Amino acid sequence: MKNMKAKRFLSIIAVSAFLLFSGGIACAAPVGGEPAANPVGGTADGIKIVNPLEGGDLTVDQIVERVINFLLLIGGPIAALMYVYAGFQFLTAGGDARKIVAAKNTILWTSIGVAVLVLSFGIVEMVKSLLSP
């Protein structure tokens, strides 16, 4: 019975994830006229990956700022998935103290990771303001 509920829950999660991420595929095809613009660069005819460090002479602080912005862009969704995973751990713990501790640790370390991501941008800005004349 318990195994059946876990399989049903995982099936619902898998279908939800598919429906959530498949919407972009349906919206990607142009209806007519000119090809639709692609957010990463290029058109619907071909994908062009834009180099974030391109643009001539970049200073060290510009490179660090671009890297941190990229990490924030990637880290946010990963943190959200980790919080969902921790919730799943809580739901499937079934009163087992070890599993509950594991779920709490997942929430703790995810929160620490989010704090590091958010503070990294602030620390870089503070160092830049202290070092600039």
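Accessible areas come from the Shrake-Rupley method with a 1.4 Å probe, and for residues only the protein chains shown count as cover. This is a predicted model, where local features need pLDDT of at least 70 and side-chain atom pairs count only at pLDDT 80 or more, while totals for chains, interfaces and linings use all residues. Residues are numbered from 1 along each chain as its sequence is written, and side-chain values use heavy atoms, leaving out hydrogens and water.

**View 1. The whole chain and its surface.** Let's start with the overall layout: the chain has three helices and two strands, in the order α-β-β-α-α from the N terminus. Helices (H or I, at least four residues) and strands (E, at least two) are DSSP runs, numbered from the N terminus. The accessible surface of the chain comes to about 10,500 Å², and 72% of that belongs to carbon and sulfur atoms. Of the 133 residues in the chain, 9% are buried. Here buried means under 20% relative accessible area, exposed means over 50%, and partly exposed lies in between (1.4 Å probe, protein chains only).

**View 2. Helix α2 from end to end.** Helix α2 covers residues 60-92. Its 33 residues reach 47 Å from the first C-alpha to the last, close to the 48 Å expected at 1.5 Å a residue. That expected span is 1.5 Å times one less than the number of residues. Look for a kink of about 25° at Gly75, shortly before the proline Pro77. The bend at a residue is the angle between axes fitted to the seven residues ending there and the seven starting there. Just after α2, Gly94 takes a positive phi of about 60°.

View 3. Which residues of α2 are buried? They are Ile68, Gly75, Ala79, Ala86 and Gln89. What covers the buried residues of α2 includes α3 (97-131). Gln89 counts as buried because its relative accessible area is 15%. Leaving aside residues up to four places away in sequence, Gln89 touches Ala102, Ala103 and Thr106. Such a contact means heavy atoms within 4.5 Å.

**View 4. A salt bridge between Asp96 and Arg98.** The structure holds one salt bridge, in which the side chains of Asp96 and Arg98 meet (4.0 Å, N to O). The term stands for a side-chain nitrogen of Lys or Arg within 4 Å of a carboxyl oxygen of Asp or Glu.
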